[in-house]
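Here is a walk through one protein chain, from overall build to single residues. Keep the sequence and the coordinates open side by side.

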Amino acid sequence: MSLQSFFDPKSVAIVGASRQKGKVGYEILTNLVAGGYEGKIFPINPKADSIEGIKCYPDLVSVGEVPDLVIIIVPAPLVPAVMDECVKVRVKSVIIITAGFKEVGPEGKKLEEEVVRIARRGGIRFIGPNCLGVISPPHKLNASFGGDLPVPGGIGYVSQSGALLAAILDLANANGIGFSSLVSIGNKADIDELDIIQAFGEQRDTRVVAGYLESITDGDVFVREAEQISDHKPILLMKSGGTEAGARAASSHTGSLAGGEVAYESAFRRAGVIRCDSIKEQFDFAQAFANQPLPEGASVAVITNAGGPGIMAADAIEERGLTFAKLSDDTKKKLAEALPPAANVQNPVDVLGDALADRYEFALGVVLDDPNVNSAIVLLTPQAMTQAQETAEAIVKIAGTKKGKPILACFLGARKVEEGVRLLRRGNIPQYDSPESAVATLKVMVDHVRWRNRPKRVVRLFSVNRRKVESIVERHLRQGILDIGEAEAKEIIEAYGFATPKGSIAATAEQAANIANQLGYPVVLKIWSPDILHKSDVGGVRVGIRSEQEVKDAFDLMMYRIPKKRPDAHILGVLVQEMVRSGKEVIIGMHRDPHFGPLMMFGMGGIMVEVLKDVSFYLAPLTAEEAKQMLLNTKTYHILKGVRGQEGVDIEAIAEGLQRVSQLVTEFPEIKEMDINPFVVGAPGTTPIAVDARISLEKK
Ligand code: COA
């Protein structure tokens, strides 16, 4: 069902419209009227004949027609009865403003469930409960008690916090920022963030989707749908409270490093969602996306009437990895011919402190014509003869004639530029309070364009022994064993194409020595117990053992010390394993996030992984490019490539390992967490070895 009746209803009924100023039911009615809503309004209040001169009805049935939208503002215990009435009258769209549901505890939760049941029965879609309402300036609809109706614009805003939406509204109204819609989703008992984001995706008025979220209801659907929307409309989200998984007991390195925040980061990256850290940043970005074209490339030209801010902009451009546009000879010639001799005709173009509006207009026009320029920032400081208003008008005029390249303004100061800033905003030129903010915005736009031009995602499928893994996994689940022991964990990864070191279990020192003699020295000894997950923590790993005697001594020591440290552990023996000699140790891991599914991890391996935390995460399934990008996102990458004359290792082999694990965890949703640590990689062309592997399962 389309949600258009929430934004553009032909008639609105307000159940609980109050006669009393200051009450929510009064404020919503008067806001709707004050906003100039042009449809029919039906206040419902059994105790009133009229409110503010508008005829009231005792109930919905008495209205005599089906309202397009019903707003409910009666106390919580009365809401189910009103919903029943909505079903009876065949209402399809409802906003429940009332609080006192899920957010207050089990009683409220029950009440909310009842409301959901009634709505489902009647085919009603509803926003709320516990919300601020809906605002849609292009339709003059202010069905909220959040504040005045803002001017129409291209930003669609969805908020999980009503209070934050009220603050945003106030800020936007003070600065003349326009919106297509603002929606407070409250407890999102029916319509959730994704429904609204999808509705924004379809709305012609909405050019950019923005929002504040505390949680996402259905993670993997969100990623899929948001990715499609981001391809034609940018999504800018502020997200808080994502660390719920932080305190979770994790049995793998990956699990302990992959908090909820990491999953959100990865999900947003996959979906092309731009994450914003503050309201200011979100508005900075949103204004540009809503009102300016996307830049075709990263090169930025700066026009300024003061040297200092020009340098600040230049520094920011370099720091952010954008390109400082190299103006063409033709551009420089044109500028030099018309500007005073003291003007700088290189980028940043300095039109000098005495520049009037016409100099800005000329310089901006010439610079935008330069094919080497993809975007322009216009800086202005209010000096004695500066014409802030006329300059703003000139920028708006140029933007109207030279379309296709984004123009961002940064008028510095306060009172002297106030009117100019207002004109800029009215003319759809985004204004920034510092050169850095303007540059940061351009950077986000350039990155977004890159994301849109991303190669099609092709996930390589390796030929593997899936049957083998199936039987191991099934057997463990049947027996209720969720942690797969090292030997079988290795069988699993071998089935997916990993090479592992040779070795066998010894029950006595004598057996250990025999195995070592067969393998050849040096060897590694590892304690063998299903109860000991982190062997090195209990002294359960000895590497580089070079003789039979050393093997026997190490065996005896482990068998003497470890039962004392871990009397609970059932010790089966000691694994004697060939020693993997050369190469760098990395970790490949996966943690299954409850919202977004398998989250792959890569980082420097061995025992240092949790100390150094130099890791990167991506959602599975991984493409080859994404696997490589995971490597590039770590500092470890530089070490792996080879520093100071050291030979690099086989980067491709690591990327392939990541893709193989990605395939394994995608094909087996029962795998909850896994680490291959260390994964030892040598020079290009050599076979990497998965020295140790941990896999844990969960019942599906
Ligand atoms: N149908 C229509 N109107 C009804 C009614 C019914 N079945 N039952 C009562 N009313 C009328 C009342 O007569 C009253 O009108 P009046 O003021 O003219 O007498 C009006 O509805 C409001 O009812 P009242 O009992 O006075 O409630 P209230 O205004 O004190 O509180 C809420 C109602 C919904 C505002 C309140 O329960 C609430 O939830 N407040 C919090 C809202 C909130 O914060 N939401 C989240 C924001 S993020």
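This is a predicted model: local features need pLDDT of at least 70, side-chain atom pairs count only at pLDDT 80 or more; totals for chains, interfaces and linings use all residues.

Residues are numbered from 1 along each chain as its sequence is written, and side-chain values use heavy atoms, with hydrogens and water left out.

Start with the whole chain. The secondary structure comes to 24 helices and 30 strands. Helices (H or I, at least four residues) and strands (E, at least two) are DSSP runs, numbered from the N terminus. The C-alpha trace spans about 100 × 80 × 40 Å along its principal axes. Of the 700 residues in the protein chain, 56% are buried. Buried means under 20% relative accessible area, exposed over 50%, and partly exposed in between (1.4 Å probe, protein chains only). Next, look at contacts, defined as heavy atoms within 4.5 Å. Take those between residues at least 6 apart in sequence: 72% of them join residues at least 24 apart.

Now to helix packing. Two packed helices are described by the angle between their axes and the distance between the axes. Axes are lines fitted to C-alpha atoms, for helices over the stretch in contact, and angles run from 0 to 180 degrees between N-to-C directions.

Take helix α13 (residues 357-369) and helix α14 (residues 388-401). Their axes are 8 Å apart, at an angle of about 25 degrees. α13 and α14 are therefore roughly parallel to each other. The cut-offs are these: angles under 35 degrees count as roughly parallel, over 145 as roughly antiparallel, 65 to 115 as roughly perpendicular and the rest as oblique. The crossing of α13 and α14 is right-handed. A crossing is right-handed if the near helix is turned clockwise from the far one by less than a right angle, and left-handed if anticlockwise. Which residues of α13 and α14 meet? From α13 come Ala357, Tyr360, Glu361, Leu364, Gly365 and Leu368; from α14 come Glu390, Thr391, Ala394, Ile395, Lys397 and Ile398. By class, this contact of α13 with α14 has 7 nonpolar, 2 polar and 3 charged residues. Here Ala, Val, Leu, Ile, Met, Phe, Trp, Tyr, Cys and Pro count as nonpolar, Asp, Glu, Lys and Arg as charged, and the others, Gly among them, as polar.

Move to a second pair, helix α11 (residues 307-319) and helix α16 (residues 435-452). Their axes cross at roughly 35 degrees and come within 9 Å. The crossing of α11 and α16 is right-handed. In α11, Pro309, Met312, Ala313, Ala316 and Ile317 meet Pro435, Glu436 and Val439 of α16. By class, the contact of α11 with α16 has 7 nonpolar, no polar and 1 charged residues.

Check the backbone next. A cis peptide bond joins Asn347 and Pro348, with omega at about -5 degrees. Pro348 lies in the loop between α12 (329-338) and β17 (349-350). The bond from Ala620 to Pro621 is also cis, with omega near 0 degrees. Pro621 sits in the loop between β27 (615-619) and α22 (624-632).

Leu352 is not a glycine, yet its phi is positive, about 80 degrees. Leu352 is in the loop between β17 and α13. Is Leu352 buried or exposed? Leu352 is buried, at 18% relative accessible area. Asn428 has a positive phi near 65 degrees. Its place is the loop between α15 (415-426) and α16. Asn428 counts as partly exposed, at 39% relative accessibility.

Phe6 lies in helix α1 (residues 4-7). Its relative accessible area is 0%. Beyond four places in sequence, Phe6 touches residues including Leu69, Val94, Phe126 and Ile191. Ser181 is in strand β11 (residues 179-184). Its relative accessible area is 1%. Glu673 belongs to strand β28 (residues 671-681). Glu673 is buried at 2%. What does its side chain meet? The side chain of Glu673 makes a polar contact with the side chain of His591, at 3.2 Å. A polar contact is a pair of N or O atoms within 3.5 Å; within protein, one must be able to donate a hydrogen and the other to accept it, and residues adjacent in sequence count only if both atoms are side-chain atoms.
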